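Q: Could we go through this structure together? I would like to start with the charged contacts and then move on to other topics.

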Amino acid sequence: MIEWVSKYIGWRNWAVLRFNSVFENIFVIFYIALLLNRNDSVFVAESLIFMVFSIFATTYGYLINDYSDIELDKKHRKPNTFENDAQTKALGVIAIILVLSVLSSLYFWSKPYFLILAGSWFLIATFYSLPPIRLKERGTVGILFVVMAQRLIPILILFSVFEFWNGWNAAILALYVLFRGFSSDLNHQLEDYRKDRQTGTKTFAVSKGYARVRKLFRLSLHVERILLAVILVQLYLNVLITNRILLVFLLITISVYFLSLALHYFKASYDKQERNSNPFDPSAKNLVQFLHHAYPSVALPLALNVILTIEYLPFIVLLLVQILIRQLYSVEIIRQSFVFQILVKLLKVRS
């Protein structure tokens with residue numbers, strides 16, 4: 001059983017947790033809790049149930065994509081979850097994960113728009129890679145659908161679960177998540193550009209050309225950074241925190257982002273390497289990686305979760321979930337982080 005879970009749900013070193021739209025943008029859950037003053041056990045319980053649902057739903061999306069790409073991955077010499085499995089076994093695994101996704105979502109069926117959004121997500125996730133539709137090979141249309149399936153619809157489902165339709169705030173959050181997904185998929189297509197050209201895979205990057213898509217990728221990163229800045233300002237202006245110490249802590253958390261953003265653009269004005277830095281480079285431990293990944297996916301949600309835990313202790317359960325997902329119990333991971341390395345450099349300068 002453990003081996004089965006590790007192979008299919010723990011796909012590619014637990015990518016279902018690391019590249020799960022809900023976990024990547026988990027700060028949105030805490031943003032909503034703070035804005036709506038949801039310090040209650042129901043909110044914590046719904047958050048946990050929703051996380052479980054997101055794990056199964058994301059796993060389904062990854063597995064159906066791997067099933068559809070078995071032959072293509074062989075040509076690309078890429079690993080595939082089902083490369084050593086019979087077709088009947090592969091379909092059986094996908095069916096089990098789909099059933100688990102449905103069962104874990106039952107609690108939310110009465111929520112406004114949930115069934116419509118979840119159904120739309122299922123259709124796009126299925127036919128993104130499954131022939132004959134295979135949206136991933138339909139150029140511009142394909143990339144729009146994949147960003148919707150992997151980022152936009154999941155965040156709209158999250159809004160549905162917590163009944164958060166707060167006009168401007170919801171729109172900016174959705175737009176940020178949309179561009180975050182757009183940047184991620186453009187990067188993925190740029191990485192696979194040569195292989196896709198060789199195999200005749202008509203992705204958006206192949207149809208539009210490498211140079212053109214790379215410029216679009218850079219623009220998307222700029223928009224992403226600015227949108228997060230707007231979100232942070234909105235949070236501070238609308239947050240319902242009466243404790244002054246916690247309010248100062250929030251201000252410090254937000255200030256860290258703005259100082260990092262200002263430093264990045266200052267360095268980019270004279271440093272070509274900073275301008276061309278790719279936040280998706282796994283070896284990158286720099287300002288750009290911090291602005292696009294470490295801050296929104298780790299630092300910000302942890303800070304907001306700490307604030308909520310101090311105001312209502314049961315939020316510590318969600319804090320523990322974050323620590324486990326990000327492996328923040330590992331001394332080695334903490335030591336390799338950009339923030340830790342910066343602190344070490346500052347201490348060396350002082351000494």
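Q: Which residue forms a salt bridge with K111, and how far apart are the closest N and O atoms?
A: In this predicted model, the partner of K111 is E46, and the closest N and O atoms of the pair are 3.2 Å apart.

Q: Is K111 buried or exposed?
A: K111 counts as buried, with 14% relative accessibility.

Q: And E46, buried or exposed?
A: E46 is buried, at a relative accessible area of 5%. The cut-off for buried is under 20% relative accessible area, so the values of 14% for K111 and 5% for E46 both qualify.

Q: Which residues are linked in a network with K111?
A: A network of salt bridges links K111 with E46 and E163.

Q: Where is E163, then?
A: E163 is found in the loop between α9 (139–161) and α10 (167–191). Its relative accessible area is 47%, which means that E163 is partly exposed.

Q: What is the phi of E163?
A: Phi of E163 is near 50°, a positive value in a residue other than glycine. As background, most residues other than glycine have a negative phi.

Q: Which other residue has a positive phi although it is not a glycine?
A: Y113 has a positive phi, of about 70°. Y113 lies in the loop between α7 and α8 (114–127).

Q: Is Y113 buried or exposed?
A: Y113 is exposed, with a relative accessible area of 51%. The cut-off for exposed is over 50%, so Y113 qualifies at 51%.

Q: Back to the charges. How many salt bridges are there?
A: The count comes to five salt bridges. Among them is the pair of R38 and D40, whose closest N and O atoms are 2.7 Å apart. D40 counts as partly exposed, at 22% relative accessibility.

Q: What about K267, which residue does it pair with?
A: K267 forms a salt bridge with E274, and their closest N and O atoms are 3.7 Å apart. K267 counts as partly exposed at 27% relative accessibility, whereas E274 is buried, with a relative accessible area of 6%.

Q: Let us turn to helix packing. At what angle do α4 and α5 cross?
A: The axes of helix α4 (residues 27–36) and α5 cross at roughly 160° and come within 12 Å. The two helices are therefore roughly antiparallel to each other. As for handedness, α4 passes α5 in a right-handed crossing.

Q: Where is V44, and is it buried or exposed?
A: V44 is placed in helix α5 (residues 41–68). V44 is buried, at a relative accessible area of 6%. The C-alpha atoms of V44 and I29 are separated by 9.8 Å, and the two residues are 15 residues apart along the chain.

Q: How do α13 and α16 cross?
A: The axes of helix α13 (residues 210–238) and helix α16 (residues 287–311) come within 12 Å and cross at roughly 15°. That makes α13 roughly parallel to α16. In this pair, α13 passes α16 in a left-handed crossing.

Q: What separates the C-alpha atoms of L221 and H292?
A: The C-alpha atoms of L221 and H292 are separated by 8.1 Å, although the residues are 71 residues apart along the chain. L221 belongs to helix α13, and at 2% relative accessibility L221 counts as buried.

Q: One more topic, the surface. Which residues form the nonpolar patch?
A: The nonpolar patch on the surface is formed by V99, V102, L103, L106, W109 and L115, with about 540 Å² of accessible area together.

Q: Which helix gives the most to the nonpolar patch?
A: Helix α7 (residues 87–105) gives the most, with three residues.

Q: Where is V102, and what is its relative accessible area?
A: V102 sits in helix α7. Its relative accessible area is 37%, so V102 is partly exposed.

How values were computed: Residues numbered from 1 in each chain as written. Predicted model: local features only at pLDDT ≥ 70, side-chain atom pairs only at ≥ 80, totals over all residues. Heavy atoms only, no water. Patch = residues over 30% accessible without salt bridge, like charges linked within 9 Å, V, L, I, M, F, W, Y side chains within 5 Å. Areas by Shrake-Rupley, 256 points an atom, 1.4 Å probe, with all protein chains shown as cover. Salt bridge = Lys/Arg side-chain N within 4 Å of Asp/Glu carboxyl O. Helix = DSSP H or I, 4+ residues; strand = E, 2+ residues; numbered from the N terminus. Buried < 20%, exposed > 50% of the residue type's maximum accessible area, 1.4 Å probe, protein only. Axes fitted to C-alpha atoms, helices over the stretch in contact; angles between N-to-C directions. Parallel < 35°, antiparallel > 145°, perpendicular 65-115°, else oblique. Left-handed = near helix turned anticlockwise from the far one by under 90°.
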